[in-house]
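The entries follow in the order I made them.

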Amino acid sequence: GASAGSGGGTQAVFSVTPNLFMTWSWTNQYYLATAAGSNGTLLADVTGWYTNGVTVQVQAVDGSYQFLQWTGTGVPVGHATDNPLTLVMDRTRDIKAQFVAGGGPVSRTWNGVGNWFSATNWSPVGFPAPGDSVIIASGTNTLSDQVTVTSFFVASNAAVNFNGTDSVLAATDVVVTNGGTVTHAVNADSAAPWVMDHRISIVCSTLLVSQGGAIHANSKGFRGGLSLNTHGYGPGAGTNASNVGGGGAYGARGGTGGQAVNQSPGGLAYGTDVQPEWCGSGGSGGNSQRGGYGGGLIWIAATNITLFGSIRADGEGTTAFGSQYYYSGGGSGGGINIACRTLAGSNGVISASGGSTYAGTGGNEGGGGSGGRIAIVADAAAQAALSPAPTISLAAREGLGTYAQDWQGNGRPG
């Protein structure tokens with residue numbers, strides 16, 4: 001046939017006289033949204049659609065305040081304070097330039113519920129700058145971006161909730177006191193290919209978790225099956241057959257649900273124990289009841305850690321739900337990845353254990369979740385020189401199942 005010509009636009013106009021062959025070549029485009037916060041501007045508004053792989057530069061311009069950082073969805077990790085900021089358009093991005101008043105470092109205190117950049121929740125009003133000291137005094141602070149401060153203190157009955165996988169807390173000193181909590185949101189992905197939504201990520205020089213303080217991602221991994229005959233979620237999800245749920249997996253196989261003839265296999269192990277980068281998977285639902293959620297994911301990079309409290313990413317069991325849940329599978333333990341020079345403390349706990357199932361009596365119960373994965377890398381010489389030596393318990397235990405008269409109902413240790 002004849003050629004109708006060629007071009008790079010989204011429309012082609014031609015007359016069909018002889019037979020023609022048309023090849024339409026497609027490429028991805030991604031949308032970039034840019035904005036400036038109060039008391040500042042952008043050098044140019046570069047909002048718009050961009051072809052996959054195109055490089056775009058956006059620059060903040062100080063007004064009455066000074067540029068602090070970029071926030072929003074798609075800010076490259078480690079580049080939140082770059083100005084100008086270079087972006088490769090390989091995904092949708094929605095970024096905003098934030099500005100702060102000039103002057104020396106101040107101490108800012110958070111009260112109430114809101115996002116880190118909710119200026120009125122801070123006293124004095126405004127956003128913390130890198131030189132500031134921060135106290136989370138009450139309520140819940142949701143951290144959805146990369147932030148840097150000098151010191152970070154979580155008080156009793158206060159909580160910090162990490163939202164997203166790009167949110168990072170960087171500080172010189174981090175303290176989680178008795179009754180204080182650091183956690184992350186539940187991972188909500190519901191179909192393969194599996195993608196994690198949230199994790200905890202802390203980078204600091206010194207980390208102190210006091211007795212009664214907690215950095216935890218318990219039950220924050222992939223969800224359990226939500227109802228009857230619904231498999232769990234995640235790469236190691238528990239399966240369902242005959243109204244009985246298998247246990248979720250991560251560091252090992254999940255426990256089998258059911259009896260010898262009506263079995264619901266647990267999920268299969270995935271990921272690596274060298275540097276855990278996944279959260280745990282959910283157990284299957286059973287008999288109209290949901291399965292346990294997997295444990296979440298915690299990343300900590302610190303020079304020196306002192307642990308009197310707990311760092312946990314345990315899977316959710318069904319034991320606390322009541323007898324109607326004994327058909328459901330438990331969630332697997334999650335992931336904990338710690339890189340440090342030294343790990344000190346006494347009576348501290350680091351755990352990524354699987355969730356157990358309700359001990360019913362019908363002999364047709366759900367399987368336990370497997371243990372998760374824990375990796376701790378420290379300086380061997382510095383760790384050996386600690387005095388007194390730390391007494392910290394580590395656990396990636398299996399969740400107990402109730403498979404009739406058979407150990408197969410238990411998950412496996414991570």
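**Entry 1, the parallel sheet.** I began with strand E13 (residues 139-143) and strand E15 (residues 158-162), which run parallel and are joined by 5 bridges. Leu 143 stands opposite Phe 162 in E15. My strand labels are DSSP runs (E, at least two residues; helices would be H or I, at least four), numbered from the N terminus. I call two strands paired if DSSP finds at least two bridges between them.

I noted the basis of the work here: this is a predicted model, local features need pLDDT of at least 70, side-chain atom pairs count only at pLDDT 80 or more, and totals for chains, interfaces and linings use all residues. Residues are numbered from 1 along each chain as its sequence is written, and side-chain values use heavy atoms, with hydrogens and water left out.

Then I traced the whole sheet. It is open and has 8 strands, in the order E10-E13-E15-E17-E19-E25-E28-E30, with parallel pairing. Strand E10 (113-115) and strand E30 (391-395) are at the edges with a single partner strand each, so one side of each has no neighbour in the sheet. Neighbouring strands are turned by 15° against each other on average, direction ignored. For such angles, axes are lines fitted to C-alpha atoms (for helices over the stretch in contact), and values run from 0 to 180 degrees between N-to-C directions.

**Entry 2, the mixed sheet.** I looked up a second open sheet, with 4 strands in the order E3-E1-E8-E6 and mixed pairing. Strand E3 (48-51) and E6 are its edges; each has a single partner strand, so one side of each is left without a neighbour in the sheet. On average, neighbouring strands here are turned by 30° against each other, direction ignored. E6 pairs with strand E8 (residues 93-100) in the antiparallel sense, over 7 bridges. Across that pair, Phe 67 stands opposite Phe 99 in E8.

I use buried for under 20% relative accessible area, exposed for over 50%, and partly exposed in between (1.4 Å probe, protein chains only). The partner I checked is strand E7 (residues 85-88), antiparallel to E4 over 4 bridges. Val 56 stands opposite Leu 87 in E7.

How many cavities of 30 Å³ or more does a search of the whole structure find? I got 1.

The grid has a 1 Å step over the protein atoms alone; a cavity is a set of points where a 1.4 Å probe fits but cannot get out, a pocket is an open set with protein on both sides within 12 Å along at least five of seven lines, and lining residues have an atom within 4 Å of a point. Points are joined across faces, edges and corners, and a volume is the space filled by probe spheres set on them.

One lining residue got a closer look. Pro 128 is in the loop between strand E11 (122-123) and strand E12 (133-136). Pro 128 is buried, at 3% relative accessibility.

I also checked the second largest pocket, at about 270 Å³. Of its 16 lining residues, Gly 72, Thr 73, Gly 74, Ser 144 and Asp 166 lie nearest the centre. E6 gives the largest share of the lining, 3 residues.

With a disulfide taken as a pair of cysteine sulfur atoms within 2.5 Å, I count 0 disulfides. Cys 204 is in none; the nearest cysteine sulfur, of Cys 340, is 9.9 Å away. Cys 204 is buried at 7% relative accessible area.

Asn 83 and Pro 84 are joined by a cis peptide bond, omega about 5°. Ala 192 to Pro 193 is also cis, with omega near 0°. Asn 157, in the loop between E14 and E15, has a positive phi near 65°. Asn 157 is exposed, at 67% relative accessibility.
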